[in-house]
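Here are my notes on the model you asked me to look through. Keep the structure open beside them and find each place as you read.

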Amino acid sequence: MAFDDCPPLPSARDRILEAVRRTTLWARRSRTAFPADGRALFGIVQGGDDRGLRERSAAEITAMGFDGHAIGGVSVGESPALSRAIVAMTAGLLPDDRPRYLMGMGTPWDLVEMIALGCDLFDCVLPTRNARNGTLFTARGRLQIKRREFAADPRPVDESCGCPVCRRHSRAYLRHLFMAGEILSMRLNTLHNLHQYAELMRQARAAIEARRYREFLEDHRSRAAGQAAEGGDPAGGRDLPEPHGARPPRSRSIAGGESE
Ligand SMILES: [Zn+2]
């Protein structure tokens with residue numbers, strides 16, 4: 001990855017402009033310093049929540065011939081709905097023949113949506129950080145292992161999960177480790193969450209290859225809506241973006257509206 005300057009949101013337009021300029025300058029130096037030698041070099045698009053600056057940054061970065069392009073500057077303080085609007089807008093500016101890498105997102109439900117917008121690669125602290133805090137992802141939403149109801153629960157975290165933790169350990173044991181502050185709790189929870197993410201990506205890839213991603217997406221959306229209705233909070237009532245190809249109406253701010 002080339003260096004980038006990633007300001008928080010909200011930031012003043014001047015600060016975002018400065019970040020776009022600096023990111024382009026660093027990208028150019030990076031491109032020159034690391035000639036093609038078989039290792040992929042990615043450029044990062046900035047531009048905050050400003051449509052014009054996103055367009056400028058995408059044009060400058062994609063003109064440099066990088067092997068892939070990253071969408072930076074999301075999940076930096078803005079609402080989930082705005083993150084998604086920024087990704088939807090920016091992904092459409094990146095070439096189809098190179099991988100698109102979304103930095104800093106997100107939940108399993110986010111990832112399924114972001115793949116629909118054309119994102120190929122992800123990295124985020126969320127699965128491992130949540131694991132260390134005792135939040136486990138399952139096919140049915142989030143599970144807080146510290147809850148008293150799991151104190152004598154002999155079932156695995158997720159009965160449909162094939163990870164080594166779910167095959168060997170009960171919720172009761174994992175809760176005990178967490179409550180006792182055992183470091184093993186963090187390791188086992190992390191193993192489970194990473195397995196969940198890897199499995200989700202495997203399923204997404206299979207759905208794309210079978211040309212049934214639309215179905216896969218709709219299935220995830222309806223399950224997320226059902227879980228949110230049950231209080232499981234998977235999608236957290238977030239706005240769902242339009243699939244790839246549909247762009248939000250043109251306006252200066254990516255969030256919509258014409259405000260400065
Ligand atoms: Zn598991």
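1. Start with the hairpin: β5 and β6 form one, with 2 residues between them. Strand β5 covers residues 135-138 and strand β6 covers residues 141-144, and they pair in the antiparallel sense over 4 bridges. Thr135 stands opposite Gln144 in β6. Two strands count as paired if DSSP finds at least two bridges between them. Helices (H or I, at least four residues) and strands (E, at least two) are DSSP runs, numbered from the N terminus.

2. A word on what you are looking at. This is a predicted model, in which local features need pLDDT of at least 70, side-chain atom pairs count only at pLDDT 80 or more, and totals for chains, interfaces and linings use all residues. Residues are numbered from 1 along each chain as its sequence is written.

3. Now the overall picture. The secondary structure of the protein chain comes to 9 helices and 6 strands. Of its 260 residues, 36% are buried. Here a residue is buried if 20 or more other C-beta atoms lie within 10 Å of its own, exposed if 12 or fewer, and partly exposed in between, with C-beta atoms placed from the backbone. Among contacts with a separation of 6 or more, 64% join residues 24 or more positions apart. A contact means that the C-beta atoms of two residues, placed from the backbone, lie within 7 Å.

4. Next, the sheet. In what order do the 4 strands of the open sheet lie? The order is β1-β2-β3-β4, and the pairing is parallel. β1 and β4 (121-123) stand at the edges with a single partner strand each, so one side of each has no neighbour in the sheet. From one strand to the next, the twist averages 25 degrees; axes are lines fitted to C-alpha atoms, for helices over the stretch in contact, and angles run from 0 to 180 degrees between N-to-C directions. Between β1 and β2 there are 4 bridges in the parallel sense, and Phe42 has Gly68 in β2 as its bridge partner.

5. Ile16, Leu17, Ala19, Val20, Thr23, Thr24 and Ala27 are buried in α1. Seen down the axis, these buried residues fall within an arc of 155 degrees, so they line one face of the helix. The arc is that of the directions from the helix axis to the C-beta atoms. An α-helix has 3.6 residues a turn, so residues three or four places apart point the same way. Covering the buried residues of α1 are, among others, β1 (42-45) and α2 (51-62). The face turned away from the buried side carries the exposed residues Asp14, Arg29, Thr32 and Ala33.

6. Which residues have the most contacts inside the largest nonpolar core? They are Ile71, Val87, Ala91, Leu102, Met114, Leu117 and Cys119, in a core of 31 residues. Such a core is a set of buried Ala, Val, Leu, Ile, Met, Phe, Trp, Tyr and Cys residues joined through C-beta atoms within 7 Å. Elements supplying at least two residues each include β2 (68-71), α3 (80-91) and β3 (100-103). α3 gives the most, with 7 residues.

7. There is also a second, separate core of 13 residues, including Ala131, Leu174, Leu177 and Phe178. Leu174, Leu177 and Phe178 are among the buried residues of helix α7 (residues 171-179). What covers the buried residues of α7 includes α8 (183-209).

8. Finally, some backbone details to check. The peptide bond from Leu9 to Pro10 is cis, with omega near 0 degrees, and Pro10 lies in the segment before α1. Ser75, in the loop between β2 and α3, has a positive phi near 60 degrees without being a glycine. Is Arg211 buried or exposed? Arg211 is exposed, because it has 8 other C-beta atoms within 10 Å.
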